[in-house]
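Please review the following briefing alongside the sequence and the coordinates. The points are grouped by topic.

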Amino acid sequence: MPEIKTLSEFIVERQADFPGSTGDLSSLLTAFRLAAKIVSREANKAGLMADILGAAGNENVQGEQQQKLDVYANNLFIRMMRTQGAVCAVASEENDDIVHFDNGGRYVVTMDPLDGSSNIDVNVSIGTIFSIYQRISTGPKATLEDFLQPGSAQVAAGYIVYGSSTMLVYSTGHGVNGFTLDPSIGTFCLSHPGMQTPVDGTIFSVNEGNLYDFSPGVQHYIDSCKKQKMSARYIGSLVADFHRNLLKGGIYLYPGTQNAPKGKLRLLYEANPLAYLVEQAGGMATDGTTRILELKPTELHQRCPLFIGSRSMVEAAMKGG
Ligand code: AHG
Ligand code: MN
Ligand code: MN
């Protein structure tokens with residue numbers, strides 16, 4: 001029988017990667033692990049809650065008001081972090097402002113608690129994305145400055161994909177490792193050690209409905225993908241599209257348009273964490289001209305165009321095919 005390594009064993013083992021570490025980061029990852037299992041459970045019964053149990057007045061059997069899964073996931077991740085203590089403040093897609101814990105924690109976290117929310121009701125893969133930074137301000141409370149660090153300052157990043165199986169993929173800057181949840185024992189097991197993305201690929205992922213709003217260079221690149229008979233794959237959940245392309249080789253593009261020059265995706269909790277992971281896996285991420293991890297954020301919820309995936313495909317897209 002092959003050796004089984006659980007995520008908790010792996011986290012403890014890898015603590016040695018950080019000389020002098022206090023174990024805060026490890027216990028934070030442990031908090032994410034638990035939140036991931038709970039969201040996974042809720043995601044698996046989302047259809048049941050909405051269509052059967054909650055049909056009358058949006059109340060579940062206990063008479064509790066139903067929450068949308070993205071609000072549920074947001075509250076859960078925040079609660080887990082608040083209890084755990086290593087994080088002093090969080091910036092989430094679901095909160096306009098920074099959420100402070102006032103606990104002296106050394107880290108700040110940015111997160112998209114539920115990515116792909118339009119796919120919840122239709123039983124398609126969704127995810128969670130997170131980024132961890134060391135706090136740099138020294139006052140009593142975290143400040144905006146702590147969150148506006150460039151992506152290159154991340155100390156860890158990861159995502160959870162709630163798909164045909166639930167996977168947690170993360171990096172602390174020493175490669176990327178993926179863990180699959182075995183629901184029969186409720187444990188994440190190392191299934192994808194040392195993930196590397198192919199240098200080239202044959203998948204392009206873009207919302208082609210926006211094609212005529214893209215720049216001529218991007219249109220030309222998409223055209224060249226088709227001429228090479230590449231495969232078009234677009235789920236509409238960034239995490240799931242990214243995860244597939246990471247494993248198989250491909251590019252995900254969400255370019256800017258005339259009306260939305262910065263595209264749709266958010267720098268702090270979508271582009272940056274995935275850019276960190278893709279680089280750790282040997283891939284590349286840019287906004288069309290600049291490396292994502294070098295962008296200097298100016299606001300919490302700022303958007304940026306995203307070209308991410310296999311190195312040679314991202315390079316080709318930047319050149320316009
Ligand atoms: P979220 O559900 O967190 O708001 O993110 C949705 C994002 C991303 O996951 C996805 O790739 C993209 O929106 C899809 O956008 P389009 O529907 O415009 O293609
Ligand atoms: Mn999202
Ligand atoms: Mn979201």
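The briefing below covers the overall fold, the nonpolar cores and the manganese site.

This is a predicted model, in which local features need pLDDT of at least 70, side-chain atom pairs count only at pLDDT 80 or more, and totals for chains, interfaces and linings use all residues. Residues are numbered from 1 along each chain as its sequence is written, chains are lettered from A and ligands numbered from 1 in the order in which they are written, and side-chain values use heavy atoms, with hydrogens and water left out.

**Overall fold**

- The chain has nine helices and 13 strands, taken as DSSP runs (helices H or I, at least four residues; strands E, at least two) numbered from the N terminus.
- A compact globule of 321 residues would have a radius of gyration near 20 Å, and the 19 Å of the chain agrees with this; the radius is taken over C-alpha atoms, and the globule rule is 2.2 Å times the number of residues to the power 0.38.
- Of the 321 residues, 52% count as buried, meaning under 20% relative accessible area with a 1.4 Å probe and protein chains only.
- Among contacts (heavy atoms within 4.5 Å) between residues at least 6 apart in sequence, 62% join residues at least 24 apart.

**Nonpolar cores**

- The largest nonpolar core holds 43 residues, of which Phe147, Tyr159, Phe242, Leu274, Ile292, Leu306 and Ile308 touch the most other members; such a core is a set of buried Ala, Val, Leu, Ile, Met, Phe, Trp, Tyr and Cys residues joined through side-chain atoms within 4.5 Å.
- Helix α8 provides the largest share of this core, nine residues.
- At least three residues of this core come from each of domain 1 (7-192) and domain 2 (203-318), with bounds from an automatic or database domain assignment.
- Apart from this core lies another, of 42 residues, including Phe10, Ala73, Val87 and Tyr170.

- Asp112 lies in strand β3 (residues 107-115) and Glu270 in helix α8, so the pair ties together parts that are 158 residues apart in sequence.
- Asp112 also bridges the manganese ion (ligand 2) and the manganese ion (ligand 3), which lie 3.8 Å apart.
- Asp112 counts as buried at 0% relative accessibility, and Glu270 is buried with a relative accessible area of 5%.

Technical notes. Buried < 20%, exposed > 50% of the residue type's maximum accessible area, 1.4 Å probe, protein only. Donors = N, O, S within 2.8 Å, 3.2 Å for Na, K, Ca; no water.
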